[in-house]
Each structure stands twice: as structure tokens, then as C-alpha cells.
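I opened my notebook beside the structure today and jotted down what I looked up. Here are the entries, in the order I made them.

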Amino acid sequence: MRGADLPGGCTADASQTPSTHRSGWLGASVPAARRLGAPLLGRCSPQSLPPPGSRAAGRRPPPSRSRAARPRPSGLPTPRAARAPDAGAVLAEPGAAPRGEMSFFGFGQSVEVDILLNDAESRKRAEHKTEDGKKEKYFLFYDGETVSGKVSLALKNPNKRLEHQGIKIEFIGQIELYYDRGNHHEFVSLVKDLARPGEITQSQAFDFEFTHVEKPYESYTGQNVKLRYFLRATISRRLNDVVKEMDIVVHTLSTYPELNSSIKMEVGIEDCLHIEFEYNKSKYHLKDVIVGKIYFLLVRIKIKHMEIDIIKRETTGTGPNVYHENDTIAKYEIMDGAPVRGESIPIRLFLAGYELTPTMRDINKKFSVRYYLNLVLIDEEERRYFKQQEVVLWRKGDIVRKSMSHQAAIASQRFEGTTSLASMGLNEEQKEFQKVAFDFAAREMAPNMAEWDQKELFPVDMMRKAAQLGFGGVYVRTDVGGSGLSRLDTSVIFEALATGCTSTTAYMSIHNMCAWMIDSFGNEDQRHKFCPPLCTMEKFASYCLTEPGSGSDAASLLTSAKRQGDQYVLNGSKAFISGAGEADIYVVMCRTGGPGPKGISCILVEKGTPGLSFGKKEKKVSDDWAGSNSSYETLPVARPTLVVF
């Protein structure tokens, strides 16, 4: 009898059921990111599911996260769960008293079972998400690798013997659908008998080996399905078996696809909107960079915001019982103002750092996982228009050498993983800059990226370490503390840093731009006053252009600066200012003359100047500390801080 035969109904908190999603342009809604690990009430048994022909059959079933229990003989206590990724984990005999105590009314024998891999010390481990959303490390295997080790049995009472009906070890690959817990769909099942029926009188170990095991699919834990590989040791007994399981993780590796054509699409609304967008290719490895461009051929809709999302779509079931789960992995804001006809916007998305899996299509006819780029436009009336395009993700082979240190290996993997394209055409000095930046990103940024994002931290210490490498004023002249490099050198450095944390690198690039503006257009007093502390990142800078009413359209900005004696008095407000409230120097674009771009000047405002205030932080994905508003109300600024262009 299996867990599917247990009685019981199925109940779930309706508030946790995700909303459905529609695609199209007019009247469509942006898919919302699903919260992982949402609490559910009760359990679901197959008897409680509606028949395929009923009205409820098309609804999403509540994916119970609890594991189905095996039925036990009446009167025996329930065994303690013992699932751990370590090779030496121990599981007591089901029905036995706690370790070191007698079992079954004080008689009989208890045993501890370990599964140990032969290469446990040298085998690499990989993080993998569990059903409750947590991450644990498991031993990593690839398709075709041999799985070998030993099953160790340790008797708790050396004066007692353990009778059994046979001992075996199994290697299993199976798919479990959360709404059908009782049925495990096995696609790999290998068995080796370790001992015939008999008695165990002393602790002993049994060797096993599964040679060149086929592992066709990647391990996966999703919203409604789990694909897992595990070893299971079983001591068969008359009343109850002793069972020990150990999970492993499998990654499927691929080579560069022979055909990888670019994606070109035209979308629009008749007589209102016509957009062409292009991506450099259609297949990307998990640490790749998506490069593209959007062209506006016709714009008669007042668009105020545009973003591009990476969406994962999980599909489970067959026939009438097909369920879709959309998960927004990342959002990138690519425009916060109104586009004009003939304008083009470049796109550059870094995939490293996100929880992505390879594209999985029709896995054992049970489920699929696909990824989409979702372009979203929002007009002034809050109407949303979007268009999706599927892209294929794949996992590239591991190129890290075992002789390297851990941190150097991470940096090398990131560096070598992109060098085939990113380093093409660079000279030796630029390649060295790139290597240093990749190494710093892997060591100082990538391990802390999630914490910075969750806690909305402005990583001052990390950026000052970057400044020690010359990243505080990369293309600022050397006489004021800069590195004196070219724009191409700067692009190479920041592209590599972005593999560690995209949003922090975005701010560092803005800081560098502010320092360059002062260095290029300021007078000598301004250069020597502001540039040295900016290049060491003792002080931080923010660029203030975007306004609530005009977006990033500089020619339409309204913030004014009027001269009064030896001072300029600023009035106005800015929006989406990266580093606002944290920065020490604000490079403010304001109007000192007539309408149009020729009437705009730049004034430096130092933090603490009376009249300078900051609004609430704007909640932005992966950029939590970089989206505040700033206001200037009758703000007097000394005349020497005017930067002349």
C-alpha cells in the first residue's frame, strides 16, 4: 500500500492561488512574480481531485509541500525523518526506539545505515532548492558518470543479531507531481543486491557500483513538480523495512549550438505604435549576456515607462489537466520617459546571478520549463502593452581546473565563460583589466549581492575596495587621482563587474560619469576639490537629470537655477536618482536660460545644503537603494559650483 491510498481531503488557502496570466497587447496585465513557499492548509490525496470532465478540473491544484507518508503497521511508532545531503548521514531503523535504546518492547536489534560515496572528498557539490524554497548542497553528477560507494551498517547492540530478508541498493531517477503525490514516475531504476536473506551479527559494509549511469534530465524543483535522483539502501524485514535515501544533483551539459540565429520581430498597434526589436541570438547559456536593440518607428501613444522581464513558465500535466505557473525572474527598467519616432534603445541583460535552469521541454511527457523575454510598455493612463518572445537556455560545461583555489576558480569560470566573445578584439592590457574586474566581482560582489538587495544596503566598503583598484575614476585624468583610461577600457571593466552585481555596478558607472563631468568641464579649483575624494570613493556622487514630469528628456526639464548676486537659487525636483540620500555630491542638470537644450546648465550641490531634501525610496527590482527622489526648494548654491559645458 502506498501514500496514494491514504484517506483525507484537500484544502488550500485560496489567497495563495496565483493569478492567471494572459498574453497580448491591449488590456493585458504584466505577470506577477509568484511567491515561493506560500503556506498551504491540509493535504491533497488523489481521491480529492476532481474528475477530468468536471468544472474544477481546469483549476490549479493546491501543490501540497508535505511528503506523503508510507503506511505503517498498527501500534508501531512513526520513524524520525532523516534527509541530509551529507554522504555519511544516518537513519535509524523505522519503528526503533531512539539510538542506543532497545526497540519493539525492549527486544530485537536496531541499526544505523550510511551511504558513503567513494569520491566524497573530491566530488564537487552544487546548491539546489528544496521544496520549501531553501537551498542545500548536494553531490554533483553528470550524465554517464559512474556512481560508486559503500553501504555501511552499524549495529547498535553488538550482543544481538539482525535478521533480514535481503539487502539492496537502488539508483533511482523519478518525477513527482505535487498534485499526484502517490504516483512517482520513475525514468531510471537500477538495483544491486548486496546480501541474500540471513543474519547480521556485526557491523559491516557492502560495496556497490553503478557504471556509466544514464542521467538524461537535470535535477529540478519547481512550483508543481520535482525531478530528483537518489540512492536508496533497503534492509528488507518481515514487519518493516529499514530504508536510507541520499539525494544527488545532476546537471546536464551542452556545447555551443551549431545554429543560433538572431531574433527579429515587429509588433504594434495600427496607426498608434510600431516597434521593431532585435536580439543578437535565440539561445543563451546560463551565464551569458543578452544583447539587443529596440527601434521606435511610430509612436502616437504617450508611453511613460518601459521594462523588459525574464519569465519562467512551468507547465505540468497533460490533456485537459494542464497547469501553467509563471515566475518573473528579473525586471529591467529600460526607459522612464516618452520615446520619440526614430529613437532606438540598446539592451544588455546579464543572466549570471539569477536562479535559472536550462530550458526543459516535455520531460518524460510530464512537464516543461521555458523562458521568455517579456517587453512591457505602460502609457500615461496606466494601460499595459506587452509582447513575449521565447529564448532557449542551456548549461555550458564546467571549465574550472581542480588545481585552482576556490575564489580563483570562481573568477576563472566567470572570466573564461565569457572570454570567447567578450575578449574578442581586446589588447593584452584590456584583457588584464577585464580579468581583474571579473576576479573582484566574483570575490567581493557576487557572494553579497542577494543580501544587499534584500536589506537595501548601499555597499560603501565594497565600493571603496573597488576604488583601490582604480575603479572610482576610471576615465578621470591622473593628476586628480583618476586612472586615465579610455571609454573602451571603462566599458570592459564595468561589463565584468556587472557579473557580480548589476545594480551596484550601474551606480558605480554613474559615479564615474559624475567624476568625469567635473574633470572634463569644471575649472581647476572644481577639479582639485571634488575629483580626488570621488576617485577614492571617500565621497559618492549622483547624477540628477530625470524629473517626474519629463522623464529623461533633458530638453523638457523644469528645474530652474536663477542667479541672485553671487549665488544660484535652485527650485524643482528630480526622480529615480541613483544613490539619492547616500551620495555626497549631486550633479544637477537645471535650466539657467531659455527653453530647449541650450538653456540647460549643470550645478554641483553638496549634501547638507539647506533646502535639499529627499523623498521615499522607489521600490525597484535589484536596485532597492538606488531610486529615491530629490527636491530643491529655494536652494541657494554658491556661484563657483556652476560647471560650464
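**Entry 1: His 128**

Is His 128 buried or exposed? I found His 128 buried, at a relative accessible area of 17%. For this whole notebook, buried means under 20% relative accessible area, exposed means over 50%, and partly exposed is in between, with a 1.4 Å probe and protein chains only.

A note on the ground rules before I go on. This is a predicted model, in which local features need pLDDT of at least 70 and side-chain atom pairs count only at pLDDT 80 or more, while totals for chains, interfaces and linings use all residues. Residues are numbered from 1 along each chain as its sequence is written, and side-chain values use heavy atoms, with hydrogens and water left out.

Back to His 128, which I located in strand S3 (residues 125–129). Helices (H or I, at least four residues) and strands (E, at least two) are DSSP runs, numbered from the N terminus. The His 128 side chain makes a polar contact with the side chain of Thr 221, at 3.2 Å. A polar contact is a pair of N or O atoms within 3.5 Å; within protein, one must be able to donate a hydrogen and the other to accept it, and residues adjacent in sequence count only if both atoms are side-chain atoms. I then listed what His 128 touches, leaving aside neighbours within four places in sequence: Lys 134, Lys 135, Glu 136, Tyr 138, Ser 219, Tyr 220, Thr 221 and Val 249. Contact here means heavy atoms within 4.5 Å.

**Entry 2: the whole chain**

I stepped back for the totals. The chain has seven helices and 31 strands. Of its 645 residues, 48% are buried. I also checked contacts between residues at least 6 apart in sequence, and 68% of them join residues at least 24 apart.

**Entry 3: Thr 315**

Which side chain does the side chain of Thr 315 meet in a polar contact? I found His 324, at 3.0 Å. Thr 315 is in strand S18 (residues 303–318) and counts as buried at 19% relative accessibility. Not counting residues up to four places away in sequence, Thr 315 touches Val 322, Tyr 323, His 324, Lys 366, Phe 367 and Ser 368.

Asp 114 sits in strand S2 (residues 111–117) and is buried, with a relative accessible area of 17%. I looked up its C-alpha separation from Ala 154, 40 residues apart along the chain, and got 8.4 Å.

Ser 282 is in the loop between strand S15 (273–279) and strand S16 (283–285), and it is buried at 16% relative accessible area. Beyond four places in sequence, the residues that Ser 282 touches are Asn 260, Ser 261, Ile 263, Val 391 and Val 392.

**Entry 4: positive phi**

Most residues other than glycine have a negative phi, so I noted two exceptions. Lys 365 has a phi near 60°; it lies in the loop between strand S21 (360–363) and strand S22 (367–379) and is exposed at 63% relative accessibility. Glu 456 has a positive phi of about 55°; I placed it in the loop between helix H3 (449–455) and H4, partly exposed at 29% relative accessible area.

**Entry 5: helix H2 and its partners**

At what angle do H2 and H4 pack? Helix H2 (residues 428–445) and helix H4 (residues 460–468) pack at about 155°, with axes 11 Å apart. Axes are lines fitted to C-alpha atoms, for helices over the stretch in contact, and angles run from 0 to 180 degrees between N-to-C directions. H2 and H4 are therefore roughly antiparallel; over 145 degrees counts as roughly antiparallel, under 35 as roughly parallel, 65 to 115 as roughly perpendicular and the rest as oblique. Their contact is made by Phe 440, Glu 444 and Met 445 of H2 and Met 462, Lys 465 and Ala 466 of H4.

I turned next to helix H5 (residues 487–497), which packs with H2 at about 25°, the axes 7 Å apart. H2 and H5 are therefore roughly parallel. Among the residues that meet here are Phe 433, Ala 437 and Ala 441 in H2, and Leu 488, Val 492 and Ile 493 in H5.
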